[in-house]
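Please read the points below with the sequence and the model side by side.

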Amino acid sequence: MAHFVVHEHHSKNLHFDLRLEMEGVLKSFAIPKGPSMNPQDKRLAILVEDHQLSYASFEGLIPEGSYGAGAVVIWDRGDYEILKGSLEEGLLELKFYGEELQGLFILKRLKSPKDWLFFKKKDRFANPEFKIRIKLTDEKKRQLKEVENPCQLS
């Protein structure tokens, strides 16, 4: 098993970043509409640059003028396992053990090497009524502003 995190990223446009611990880094996918527990929802997941493993615990403010400027909070985290496939093959069947993401998911590459689909498989955790909950509350925004936590993406 390996770790995963989903960051809720309030930059120019709200999006969610799925980060999977693999090969000593966090393989990262930007999911504009966020992950879903509804198997009917097929979400675009754009493969972006790898992040260092320590970024899995980051919550804070990326300063104005920096790439991705805005607030970042952890939306979900936990462990996951690859049941079948690989990134190289362009198809992964994953099992998540998080608070929000639970059960079986598919990550499937489209024609472009950076464009993937991320979706829930039908299982006991599937929820056709799923609505994503935003976790950046006004209280959390205030806390982030009080803490000095510069974002380091080396």
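1. A hairpin of three residues leads from β1 to β2. Strands here are DSSP runs of E with at least two residues, helices are runs of H or I with at least four residues, and both are numbered from the N terminus. The two strands, β1 (residues 2-10) and β2, pair in the antiparallel sense over seven bridges; pairing requires that DSSP finds at least two bridges between the strands. One of the bridges joins F4 to L20 in β2.

2. This is a predicted model, in which local features need pLDDT of at least 70 and side-chain atom pairs count only at pLDDT 80 or more, while totals for chains, interfaces and linings use all residues. Residues are numbered from 1 along each chain as its sequence is written, and side-chain values use heavy atoms, with hydrogens and water left out.

3. β2 also pairs with β3 (residues 25-31), in the antiparallel sense and over seven bridges. E21 has L26 in β3 as its bridge partner. Two residues separate β2 from β3 in this hairpin, and E23 in the turn has a positive phi of about 55°.

4. How many of the nine residues of β2 are buried? In β2 (residues 14-22), seven are. Buried means under 20% relative accessible area, exposed means over 50%, and partly exposed is in between, with a 1.4 Å probe and protein chains only.

5. The largest pocket holds about 270 Å³ of space. Its 15 lining residues include H9, H15, D17, Y67 and G68, which are the closest to its centre. A pocket is an open set of points on a 1 Å grid over the protein atoms alone, where a 1.4 Å probe fits and protein lies on both sides within 12 Å along at least five of seven lines; lining residues have an atom within 4 Å of a point. β2 and β4 (43-51) each supply at least two residues of the lining.

6. D123 sits in the loop between β9 (115-120) and α1 (138-146). Is D123 buried or partly exposed? D123 counts as partly exposed because its relative accessibility is 23%. Leaving aside neighbours within four places in sequence, D123 is in contact (heavy atoms within 4.5 Å) with Q102, G103 and L104. A polar atom of the D123 side chain lies 2.8 Å from the backbone nitrogen of L104. D123 and P39 are 84 residues apart in sequence, yet their C-alpha atoms are 9.0 Å apart in space.

Technical notes. A polar contact is a pair of N or O atoms within 3.5 Å; within protein, one must be able to donate a hydrogen and the other to accept it, and residues adjacent in sequence count only if both atoms are side-chain atoms. Grid points are joined across faces, edges and corners, and a volume is the space filled by probe spheres set on the points.
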